[in-house]
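This briefing looks at a ligand and the protein residues around it. Please view the structure first.

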Amino acid sequence: MEQLIELVKSTKKIIFNEELSSAVIEKGLADYVTKVDTEVQSYLKEKLYQLRPDTLFMGEEGEHKNLDKNKPCWILDPIDGTTNLIHHYNTSAVSLALLENGKITKGIVYNPFTEQLFTAEYKKGAYLNGKRISVSTRERQNDWLISIGTSPYEKDRADYLFELFKRIYKKTTDIRRSGSAALDLCYLACGMTDGYLEQNLKPWDYAAGSLILEEAGGRVTTWNGSEIDFYKNCDILAGTPKTYRMLLNEISKTLD
Ligand code: LIP
């Protein structure tokens with residue numbers, strides 16, 4: 001695990017390269033990729049292969065098709081929060097997970113702008129910069145801070161989503177929108193926030209963060225309460241045991 005952590009942290013020099021981060025291509029509506037994304041992915045893919053040649057690779061930038069589900073697989077988002085990177089918003093992370101036998105066994109989420117390093121190994125706890133973390137224990141609903149994801153690539157979801165977010169907003173302290181699903185799951189894992197929900201996320205957005213959250217005592221499923229499938233897009237619902245139930249209930253009202 002230490003070797004993996006050092007490898008992920010070594011991407012900082014690529015991420016801080018202004019020339020690479022300003023080379024932007026628009027993949028689709030509000031969906032961008034920079035040379036940082038592609039450079040980080042090819043750098044880590046090569047190093048991970050040297051480390052474990054037998055392990056498959058799933059990455060955001062064009063490497064995620066026809067994977068043998070019987071083999072271990074790395075799941076990488078080279079830059080989660082690409083729009084934030086382009087806007088110098090300093091809320092972006094490298095998110096790396098190891099999927100083995102249908103379970104995430106290792107997760108690393110690293111924000112080089114804040115030097116926040118979230119890590120977890122299956123059944124060994126979750127950590128922020130080496131210090132054990134756990135989800136919040138806030139009991140009162142109007143003390144809760146809920147992170148939302150606005151699915152910016154699909155503006156046609158806006159009316160439905162903002163109606164749901166408005167209901168959650170009225171019941172709680174406030175909502176937050178970071179622009180990085182991986183960091184949203186980690187902020188929930190360390191008790192900064194109390195819940196998170198977003199539709200149609202990619203496996204690399206949530207793979208590492210889902211393990212870090214579960215190892216911190218949180219719960220994460222799809223919006224209808226099903227297990228996450230790490231080979232396809234999912235609507236992600238995450239919370240403490242208490243907030244998870246409230247959020248699932250609010251979502252179920254919209255599905256009636
Ligand atoms: C982003 C997610 C974010 C979501 C964006 C995008 P990317 O990942 O972290 O939560 O709202 O649509 O998917 O594309 O920056 O790696």
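Predicted model: local features only at pLDDT ≥ 70, side-chain atom pairs only at ≥ 80, totals over all residues.

Residues are numbered from 1 along each chain as its sequence is written, and side-chain values use heavy atoms, with hydrogens and water left out.

**Position**
- Domain 1 (2-132) and domain 2 (141-255) both give residues to the shell around the ligand, so the ligand lies between them; the bounds come from an automatic or database domain assignment.

**Shell**
- The ligand has 14 residues around it, of which D80, G81, Y153, R177 and E198 come nearest (near: a heavy atom within 4 Å).
- Strand β4 (residues 73-80) gives the most to this shell, three residues (a strand is a DSSP run of E, at least two residues, numbered from the N terminus).

**Polar contacts (N or O atoms within 3.5 Å)**
- A polar backbone atom of I79 is 3.2 Å from a ligand oxygen atom.

How values were computed: Polar contact = N/O pair within 3.5 Å; in protein donor to acceptor, adjacent residues only side chain to side chain. Helix = DSSP H or I, 4+ residues; strand = E, 2+ residues; numbered from the N terminus.
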